[in-house]
Amino acid sequence: MDIKSVLIIKGSHRENGFTNRMCNEIAKVFSSCSVKIFDACNERFSPCTGCNYCEKNGCCVFRDLDSFYESFETADLIVFASPVYNGSFSAPIKALIDRFQVYYTGFYANKKTQQIKKHRKAFFLAAAGRGGEKSFSYMKSQLECAFTILNIELCGSVLCSHTDTQPDSYLRALEEIKRSFTDE
């Protein structure tokens, strides 16, 4: 994988939580690349309102994610990181995924033409206090569905599970993440 730029999308409110720790480790793995971190919990952006402005105008009525979209479209690797909350993504990550509507409507309005020309790779990581395997599977499936329209290929995923009772599962997840990027 020839990676020069990485966009890490963090979706955890806990600065020292497992999700953010794993993001920090991924940033270290790619320290020789251009790494941008989008902290969805600390960025203030409007949720998608389903107004269809993007369908008619090719951009969102809210301009608060324009610089994010630029990084999102040009990164070689995009890392989506979320804790498992109630069987799914954290609210900020879900809101961000909903804002990809601008790409979905463009895709269908333009006879299924890719709106993002650059093919990118993605990695998905999640942390769960309990098992989380079923939720992780749903979350991964939801991303893969979105990725077909976003011109992204999921190249790996890791679930850091049972963090409530086995905090060392974090270390196993980190080793798996590092192997994913260094065993090429």
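1. Aspartate 64 and arginine 99 form a salt bridge, with 3.0 Å between the closest N and O atoms (a salt bridge is a side-chain nitrogen of Lys or Arg within 4 Å of a carboxyl oxygen of Asp or Glu). The pair links distant parts of the chain, 35 residues apart: aspartate 64 is in the loop between helix 2 (53-57) and helix 3, and arginine 99 is in the loop between helix 4 and helix 5. Helices are DSSP runs of H or I with at least four residues, strands are runs of E with at least two, and both are numbered from the N terminus. Arginine 99 is buried at 2% relative accessibility, whereas aspartate 64 is partly exposed at 32%. Here buried means under 20% relative accessible area, exposed over 50% and partly exposed in between, with a 1.4 Å probe and protein chains only.

2. On provenance: this is a predicted model, in which local features need pLDDT of at least 70, side-chain atom pairs count only at pLDDT 80 or more, and totals for chains, interfaces and linings use all residues. Residues are numbered from 1 along each chain as its sequence is written, and side-chain values use heavy atoms, with hydrogens and water left out.

3. The whole structure has 9 salt bridges. One of them joins aspartate 76 to lysine 118, the closest N and O atoms being 2.7 Å apart. Aspartate 76 lies in the loop between helix 3 and strand 3 and lysine 118 in the loop between helix 5 and strand 4, so this pair ties together parts that are 42 residues apart in sequence. Aspartate 76 counts as buried, at 16% relative accessibility; lysine 118 is partly exposed, at 32%. Another salt bridge is between lysine 10 and glutamate 15, with a closest N to O separation of 3.7 Å. Lysine 10 is buried at 6% relative accessibility, and glutamate 15 is partly exposed at 45%.

4. Which residues touch the most other members of the largest nonpolar core? They are Phe68, Phe72, Phe100 and Leu150, in a core of 39 residues. Such a core is a set of buried Ala, Val, Leu, Ile, Met, Phe, Trp, Tyr and Cys residues joined through side-chain atoms within 4.5 Å. Elements giving two or more residues to this core include strand 1 (5-10), helix 3 (66-74), helix 5 (101-109) and strand 5 (152-160). Helix 6 gives the most, with 7 residues. Leaving aside residues up to four places away in sequence, phenylalanine 100 touches Phe68, Phe72, Phe80 and Leu150, a contact being heavy atoms within 4.5 Å. A second, separate core has 23 residues, among them Ile8, Met22, Ala81 and Leu125.

5. In helix 3, the residues Phe68, Tyr69, Ser71 and Phe72 are buried. Viewed down the helix axis, the buried residues of helix 3 fall within an arc of 165°, so they line one face; the arc is that of the directions from the helix axis to the C-beta atoms. Ser67 and Glu70 are exposed on the other side of helix 3.

6. Serine 90 sits in the loop between strand 3 and helix 4 and is buried, with 0% relative accessibility. A polar atom of the serine 90 side chain lies 2.6 Å from the backbone oxygen of glycine 11. Not counting residues up to four places away in sequence, serine 90 touches Gly11, Ser82, Pro83 and Tyr85.

7. Asparagine 86 is also placed in the loop between strand 3 and helix 4. Its phi is positive, about 50°, although asparagine 86 is not a glycine. Asparagine 151, in the loop between helix 6 and strand 5, likewise has a positive phi, of about 60°. Is each of these sites buried or exposed? Asparagine 86 is exposed, with 85% relative accessible area, while asparagine 151 is buried at 14%.

8. The disulfide count is 0, with a cut-off of 2.5 Å between a pair of cysteine sulfur atoms. The sulfur of cysteine 23 is 10 Å from the closest cysteine sulfur, in cysteine 41, which is too far for a bond. Cysteine 48 is in no disulfide either, the nearest cysteine sulfur being that of cysteine 54, 6.5 Å away. Cysteine 23 is buried, at 1% relative accessibility, and cysteine 48 is partly exposed, at 36%.

How values were computed. A polar contact is a pair of N or O atoms within 3.5 Å; within protein, one must be able to donate a hydrogen and the other to accept it, and residues adjacent in sequence count only if both atoms are side-chain atoms.
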